[in-house]
Amino acid sequence: MVKNIHFSFNLSAFEKIIEQQLKDHASIFIRVGRSLVINSNFIYVININKQELIRADTKTSAKFILHVSKEALKVLKSLVEKSII
């Protein structure tokens, strides 16, 4: 079951709350563009040409497609590649 949760403060405030509460584990959350903060553990596919970020939960086989700007996806892809190497 997917729940939608809405917050009434800006994303930078949300990022600070994540850092304060999760401390060392906050690094799994990545800001993507101006409007998204995602859990990097659920990145499945970054498709720059289609401007899609596909997130997947391997436990439930659920996939979620987010439409993101090409520039934001390029930055995300670079971050992911750096963390793998």
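This is a predicted model: local features need pLDDT of at least 70, side-chain atom pairs count only at pLDDT 80 or more; totals for chains, interfaces and linings use all residues.
Which backbone nitrogen does the side chain of Asn39 reach? The first legend picks this up.

View 1. Numbering starts from 1 along each chain as its sequence is written, and side-chain values use heavy atoms, with hydrogens and water left out. Asn39 sits in strand E2, residues 36–39 (strands, E, are DSSP runs of at least two residues and helices, H or I, of at least four, numbered from the N terminus). Its side chain gets to the backbone nitrogen of Asn41, at 2.9 Å. Asn39 counts as buried because its relative accessibility is 15% (buried means under 20% relative accessible area, with a 1.4 Å probe and protein chains only). Setting aside neighbours within four places in sequence, Asn39 touches Ile28 and Phe29 (contact means heavy atoms within 4.5 Å).

**View 2. The largest nonpolar core.** Nine residues make it up: Ile30, Val32, Ile38, Ile48, Leu53, Val68, Ala72, Leu73 and Leu76 (a core is a set of buried Ala, Val, Leu, Ile, Met, Phe, Trp, Tyr and Cys residues joined through side-chain atoms within 4.5 Å).

View 3. Strands E4 (residues 52–57) and E5 (residues 62–67) pair antiparallel over six bridges (pairing takes at least two DSSP bridges). Glu52 stands opposite His67 in E5. Four residues lie between the two strands, and Ser61 in the turn has a positive phi of about 65 degrees.

Note on methods. Buried means under 20% relative accessible area, exposed over 50%, partly exposed in between (1.4 Å probe, protein chains only). A polar contact is a pair of N or O atoms within 3.5 Å; within protein, one must be able to donate a hydrogen and the other to accept it, and residues adjacent in sequence count only if both atoms are side-chain atoms.
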